[in-house]
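Student: Please take me through this model one feature at a time, giving the general idea before the particular case.

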Amino acid sequence: MVYHHHKNKNKNNSTRKMAGPWVDSDIVQSRSDPLPPLDDYDDRPIAKDLILKHQSSIRAIQQYLKKEEEALYDPVRHDELWILRYYLSQKSITKATKAAISFLHYRNEHQLDEVDIRWDPPGPNCRNPAVRQFFTILENDGMIVSWPDPLRGTIIFMTMKGIPQKELVKVPFFEEALWYMLEWQFQIIDSVTRNTGRLTKGIRILDFQHYSSSQHYYRPFMNRCSEWGKLTQDSYPQTLGKVYMVHTPSLVLTAFSVVKHLIPKRFVEKFAILNPHRTEERQLFYKYMKPQHLPRRYGGHYPVWPYPRHVHPTESLREEEEEEEEIAA
């Protein structure tokens with residue numbers, strides 16, 4: 001698997017090794033207390049409080065890892081927050097330890113703790129060849145991976161009619177591309193969690209508008225997607241907040257009722273059917289993004305579609321925010 005190295009702009013090299021090269025350690029150091037909620041919708045829990053609440057379980061997992069995987073387990077890099085994610089997902093010391101050990105081996109094999117891929121987002125211009133090939137098969141808005149707010153998590157927009165399921169499931173680079181996307185998402189979400197002090201997660205928005213089950217649905221692809229869900233939960237726990245399905249036809253709901261039995265229950269619980277044209281439902285998006293960053297097609301304020309692929313608020317986004325604030329004032 002190809003992961004290109006990126007230099008972290010931090011000057012304090014010894015400190016930034018604390019959890020990975022994607023951590024802005026100078027920011028983490030300056031925020032021993034969490035940032036206040038960004039707005040009325042921001043209900044992210046305080047990471048420090050969660051660590052204290054589950055301290056005994058975290059310490060038990062640390063002891064197991066130190067004993068069983070002394071060569072791979074680094075208590076500095078694989079710290080309390082890293083272990084917390086596994087425990088919150090598995091709700092069991094034994095299962096959390098098993099999942100953590102499995103992923104320690106994967107991270108070591110691919111040297112994931114040595115690279116920072118935040119600034120090489122999944123998309124047609126990604127330096128990872130598998131990811132580039134993956135996106136050449138998709139329509140322009142088939143999948144858009146974005147990080148519009150440096151204080152919140154990632155957003156993945158999936159226009160389901162723009163994803164050729166039969167083609168994708170047959171290509172050899174499918175899994176590598178998905179692994180890359182999961183790692184990219186994890187590095188951003190981990191860095192945001194550490195920088196804000198709040199347990200941050202990302203979301204996926206699955207748009208079924210103009211989707212035809214007879215033309216687009218392919219069972220083997222959906223099975224692979226269920227595997228993706230399991231990977232997310234087992235290897236990258238507590239990084240996915242919700243999977244919102246919008247413009248969902250009845251046939252898709254029927255198919256989902258079948259497929260969900262193949263997906264771990266804790267992942268199924270993350271799915272929700274949402275009508276963005278209803279105010280109370282649209283506001284669920286705001287737990288993960290500002291109204292300024294939500295596309296107008298989903299009831300938000302951002303006017304452009306396809307949504308821009310970016311890994312930080314662009315000047316255009318910032319200018320639009322400022323303009324809207326001026327208008328509101």
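Student: How is glutamine 111 classed by its relative accessible area, as buried, partly exposed or exposed?

Tutor: Buried means under 20% relative accessible area, exposed over 50%, and partly exposed in between, with a 1.4 Å probe and protein chains only. Glutamine 111 has a relative accessible area of 41%, so this residue is partly exposed. The model is predicted, so local features need pLDDT of at least 70 and side-chain atom pairs pLDDT 80 or more, while totals for chains, interfaces and linings use all residues. Residues are numbered from 1 along each chain as its sequence is written, and side-chain values use heavy atoms, without hydrogens and water.

Student: Which peptide bond is cis?

Tutor: The bond from tryptophan 305 to proline 306 is cis, with omega near 5°. Proline 306 sits in the loop between helix 14 (279–282) and helix 15 (315–328).

Student: How do I read the packing of helix 7 and helix 9?

Tutor: Two packed helices are described by the angle between their axes and the distance between the axes. Axes are lines fitted to C-alpha atoms, for helices over the stretch in contact, and angles run from 0 to 180 degrees between N-to-C directions. Helix 7 (residues 129–137) packs against helix 9 (residues 174–196) at about 105°, with 8 Å between the axes. Helix 7 is therefore roughly perpendicular to helix 9, since 65 to 115 degrees counts as such, under 35 as roughly parallel, over 145 as roughly antiparallel and the rest as oblique. Contact means heavy atoms within 4.5 Å; here helix 7 contributes Ala130, Val131, Phe134 and Phe135, and helix 9 contributes Phe174, Glu176, Ala177, Leu178, Tyr180 and Met181.

Student: How do the residues of that contact divide by class?

Tutor: Ala, Val, Leu, Ile, Met, Phe, Trp, Tyr, Cys and Pro count as nonpolar, Asp, Glu, Lys and Arg as charged, and the others, Gly among them, as polar. The contact of helix 7 with helix 9 has 9 nonpolar, no polar and 1 charged residues.

Student: How are helix 4 and helix 5 oriented?

Tutor: The axes of helix 4 (residues 55–68) and helix 5 come within 10 Å and cross at roughly 105°, so the two helices are roughly perpendicular to each other. Among the contact residues are Ile58, Ile61 and Leu65 of helix 4 and Trp82, Ile83 and Leu84 of helix 5. By class, this contact has 7 nonpolar, 3 polar and 1 charged residues.

Student: And what describes helix 5 with helix 11?

Tutor: Their axes come within 8 Å and cross at roughly 125°, so helix 5 and helix 11 are oblique to each other. Tyr86, Ser89 and Gln90 of helix 5 meet Gln233, Asp234 and Ser235 of helix 11, and these residues divide into 1 nonpolar, 4 polar and 1 charged. Gln233, Asp234 and Ser235 are also among the buried residues of helix 11.

Student: Which residues touch the most other members of the largest nonpolar core?

Tutor: Such a core is a set of buried Ala, Val, Leu, Ile, Met, Phe, Trp, Tyr and Cys residues joined through side-chain atoms within 4.5 Å. The largest has 72 residues, of which Leu65, Trp82, Phe134, Phe135, Met143 and Leu168 touch the most other members. Helix 9 gives the most to this core, with 11 residues. Setting aside residues up to four places away in sequence, Phenylalanine 135 touches Pro122, Gly123, Pro124, Met143, Val145, Met181 and Arg309. A second, separate core has 17 residues, including Ile144, Ile155, Tyr288 and Tyr298.

Student: What share of the whole chain is buried?

Tutor: Buried residues make up 55% of the 329 residues, in a chain with 15 helices and 5 strands. Of the contacts with a separation of 6 or more, 75% come from residues 24 or more positions apart.

Key
Helices (H or I, at least four residues) and strands (E, at least two) are DSSP runs, numbered from the N terminus.
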